[in-house]
Amino acid sequence: MTSKLRFGVVNESVLSGPAWLDHVRRVEDGGIDVFLVRDHFSAGAYGQQLAPFSALAAAAAVTTRLHVGTLVLANDFRHPVIVAHEALSLQHLSGGRFELGLGAGWYRPEYEAAGIPFESPGRRITRLEESLTIITGLLDGAKVDHAGGSYQITGFDLDVLPRQHGRPRLLVGAGGPRMLGMAARHADIVGLLPAPIKNSDDRDDPHDLLPSALDQKIAVLRARAGDRFAALQLSAFVTIQVTDHRRPATEALIAKRGWSGIDVNAVWEMPTVLIGSVTQIRADLQARQERFGLSYLVTSDRALPALTEIIASL
């Protein structure tokens, strides 16, 4: 492979105290590189969820190698100065193992239930760009002055924290041209989404998962990033299933996802679907890294046994 693959898992296990910490240790022992927490306070999005910063601080405290990160914070839930302070605090406490993922927010029901205005995608993206400008400045140790439509910062820096561990890496999730452009300007890691997430009603379209769709996104990212592109790490959320019965398992996946107009051969070509034996998946990983440059793959912690088996074979 052209470079070492990184693997992350998103936490979907809400266990009590010691049991949850044991789960985090199992993630580290399984060879996983990054442990990630989503940012939702409504179970309607992904089920029960832990609050990200406290969960990640606890995870970092009981591990030594494992990186921890957000995938991704909803920008509208916190002021960018608060985000930067939390991020640098976790970077310090973890010994440099924190990765900050940010997005524009998308799950309308939790906005409305909490009394947070859910504005148009364009307005939310504009506000996210303001936040990224402020946050990156603060993470870099700069004194920030910003007069924007959503935030006004006057001569502020985060001198309250030491800086011996440097700045956390920044991930931006992006599926459409505008978000890809924003990621190209600000991110260290780009989380490539199948399509822009406009609201909670977006549907799962298998055509967004085909190689041609990913090629188009990477082309936009490359054009917008210019000289920065070579330094960007490309990431994607993947579906993983280890099986000795590839065809029936793939047919079952198509039925479960409610996909139409797609056969098993098309699914096997999808860059973010890994299904088959460990040997088959290992070959697919290598081919997709070489073809698309994907070097950081994320999946649910429910797939931890399969992912651990795959990592052990690499």
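Contact here means heavy atoms within 4.5 Å. The structure is a predicted model, in which local features need pLDDT of at least 70 and side-chain atom pairs count only at pLDDT 80 or more, while totals for chains, interfaces and linings use all residues. Residues are numbered from 1 along each chain as its sequence is written, and side-chain values use heavy atoms, with hydrogens and water left out.

**Two helices**

Helices (H or I, at least four residues) and strands (E, at least two) are DSSP runs, numbered from the N terminus. Val278, Ile281, Arg282 and Leu285 in H11 are in contact with Glu309, Ile310 and Ser313 in H12. By class, this contact of H11 with H12 has four nonpolar, one polar and two charged residues. In that scheme Ala, Val, Leu, Ile, Met, Phe, Trp, Tyr, Cys and Pro count as nonpolar, Asp, Glu, Lys and Arg as charged, and the others, Gly among them, as polar.

Helix H11 covers residues 278-292 and helix H12 residues 304-313; they pack at an angle of about 70 degrees, with their axes 10 Å apart. H11 is therefore roughly perpendicular to H12, a term for angles of 65 to 115 degrees. The axes are lines fitted to C-alpha atoms, for helices over the stretch in contact, and the angles run from 0 to 180 degrees between N-to-C directions.

**Aromatic rings**

Rings of Phe, Tyr and Trp (its six-membered ring) pair if their centres lie within 6.5 Å; planes under 30 degrees apart count as stacked, over 60 as edge-to-face and the rest as tilted. By this rule there are seven aromatic pairs. One of them joins Phe77 and Tyr111, and it is tilted, at 5.4 Å centre to centre and 50 degrees between the planes. Phe77 lies in the loop between strand S4 (73-74) and helix H4 (80-93) and Tyr111 in helix H5 (residues 108-114), so the pair ties together parts that are 34 residues apart in sequence. The rings of Trp106 and Tyr107 have centres 5.4 Å apart and planes at 70 degrees, so this pair is edge-to-face. Ring pairs also link Phe41, Phe77, Tyr111 and Phe118 into a cluster.

Charged ends sit over rings too; the rule is that NZ of Lys or CZ of Arg is within 6 Å of the ring centre and within 35 degrees of the ring normal. Arg6 has its charged end over the ring of Tyr296, 4.6 Å from the centre. Arg38 has its charged end over the ring of Tyr46, 3.7 Å from the centre.

**Buried residues**

Buried means under 20% relative accessible area, exposed over 50%, partly exposed in between (1.4 Å probe, protein chains only). The table gives some buried residues.

| Residue | Relative accessible area |
|---|---|
| Phe77 | 17% |
| Tyr111 | 0% |
| Tyr107 | 12% |
| Ala87 | 0% |
| Gly105 | 12% |

Ala87 lies in helix H4. Leaving out residues up to four places away in sequence, Ala87 touches Phe53, Phe98, Leu100, Leu139 and Pro168. Ala87 and Arg26 are 61 residues apart in sequence and 24 Å apart in space, C-alpha to C-alpha.

Gly105 is in the loop between strand S5 (98-103) and H5. With the exclusion of residues up to four places away in sequence, Gly105 touches Ala74, Tyr111 and Arg124. The C-alpha atoms of Gly105 and Ile125 are separated by 8.9 Å, and the two residues are 20 residues apart along the chain.

**A cis peptide bond**

The peptide bond from Leu71 to Val72 is cis, with omega near -15 degrees. Val72 lies in the loop between strand S3 (67-70) and S4.

Technical notes. Angles under 35 degrees count as roughly parallel, over 145 as roughly antiparallel, 65 to 115 as roughly perpendicular and the rest as oblique.
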